Amino acid sequence: MTTFPCPSCGRTIAAEVPPGSAVNCPLCRQVVTVPGEGVAAAPPIQPGPYMGPPQGLRQGMAITSMILGILSIVTGCFPVLGLIGLILGIVALSRANRRPAEYGGRGFAIAGIVTSLASIVIMLLIMVPLLISIMLPRRPVGAAVPLAFGDGGE
Ligand SMILES: [Zn+2]
């Protein structure tokens, strides 16, 4: 029998199967491979949400801004995406300008601002005429045009 910590959640797993075979972790249901006898188990790997390189300039916000801006255009200018992308892009750009040693991604931030702005402009170009046509009073086709004079009373 082999006991080893689950690489996903850290719980100790007692496996009755030979090393190298796969077992299901009883806690997190992750499929894990039983390590070899006597071999020290690998330390638990924590898959973090942080995608960028651990060292270097922080540009996550700038990249997020650009992705939101592009998504906003692709998804038919969903206005919230464009607004968030615009705000993130401006914040990321100002950070990159103030602390260039710490924050990077100026190009991403500018791209995020441009795409977000473009999506907002496109949305306005589409939405404003639509809203105006909705808000205008409906005139049924063929309806008599009311005369300017006469009280219309019967
Ligand atoms: Zn587990």
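Student: Why is Arg 29 called exposed?

Tutor: This is a predicted model, and here we just count neighbours. Arg 29 has 9 C-beta neighbours inside 10 Å. The cut-off for exposed is 12 or fewer, so with 9 Arg 29 counts as exposed.

Student: Where is Arg 29, and what is phi there?

Tutor: Arg 29 sits in the loop between β3 (22–24) and β4 (31–33). Its phi is near 65°, which is a positive value in a residue other than glycine.

Student: What makes Gln 30 partly exposed?

Tutor: Gln 30 belongs to that β3–β4 loop too. It has 14 C-beta neighbours inside 10 Å. Exposed needs 12 or fewer and buried needs 20 or more; 14 falls in between, so Gln 30 counts as partly exposed.

Student: How do you know that Gln 30 is in contact with Ser 8?

Tutor: Contact goes by C-beta atoms, which must lie within 7 Å. Leaving aside neighbours within four places in sequence, Gln 30 has Cys 6, Ser 8 and Cys 25 on its contact list. As for the C-alpha atoms, those of Gln 30 and Ser 8 are separated by 7.0 Å, although the two residues are 22 apart along the chain.

Student: Okay, on to the helices. What order do the elements come in?

Tutor: From the N terminus on, it goes β-β-β-β-α-α-α. That's four strands and three helices.

Student: Why is Leu 68 called buried?

Tutor: Leu 68 lies in helix α1, and it has 25 C-beta neighbours inside 10 Å. Setting aside residues up to four places away in sequence, it touches Leu 81, Ile 84, Gly 85, Leu 88, Gly 112 and Ser 116.

Student: How much of the protein is buried?

Tutor: Of the 154 residues, 23% count as buried.

Student: And what makes up the largest nonpolar core?

Tutor: It has 16 residues. Those with the most contacts inside the core are Ala 62, Ala 92, Leu 93, Ala 96, Phe 108 and Ala 109. Helices α1 (60–74), α2 (79–98) and α3 (106–135) each supply at least two of the core's residues, and α2 gives the most, with six.

Student: Which residues does Ala 92 contact?

Tutor: Skipping its neighbours within four places in sequence, Ala 92 is in contact with Met 61, Ala 62, Ser 65, Gly 105 and Ala 109.

Student: Why is α1 described as roughly parallel to α3?

Tutor: Two packed helices are described by the angle between their axes and the distance between the axes. Here the axes of α1 and α3 come within 7 Å and cross at roughly 25°. Angles under 35 degrees count as roughly parallel, so α1 is roughly parallel to α3. The crossing is left-handed.

Student: Which residues make that contact?

Tutor: On the α1 side they include Ala 62, Ser 65, Leu 68 and Ile 73. On the α3 side, Phe 108, Ala 109, Gly 112 and Ser 116 are among them.

Student: What kinds of residues are they, nonpolar, polar or charged?

Tutor: The residues of the contact of α1 with α3 divide into 11 nonpolar, seven polar and no charged. Gly goes with the polar ones in this count.

Student: Last one: what share of the contacts comes from residues 24 or more positions apart?

Tutor: Those account for 51% of the contacts with a separation of 6 or more.

Note on methods:
Residues are numbered from 1 along each chain as its sequence is written. This is a predicted model: local features need pLDDT of at least 70, side-chain atom pairs count only at pLDDT 80 or more; totals for chains, interfaces and linings use all residues. Two residues are in contact if their C-beta atoms, placed from the backbone, lie within 7 Å. A nonpolar core is a set of buried Ala, Val, Leu, Ile, Met, Phe, Trp, Tyr and Cys residues joined through C-beta atoms within 7 Å. Axes are lines fitted to C-alpha atoms, for helices over the stretch in contact, and angles run from 0 to 180 degrees between N-to-C directions. Angles under 35 degrees count as roughly parallel, over 145 as roughly antiparallel, 65 to 115 as roughly perpendicular and the rest as oblique. A crossing is left-handed if the near helix is turned anticlockwise from the far one by less than a right angle, and right-handed if clockwise.
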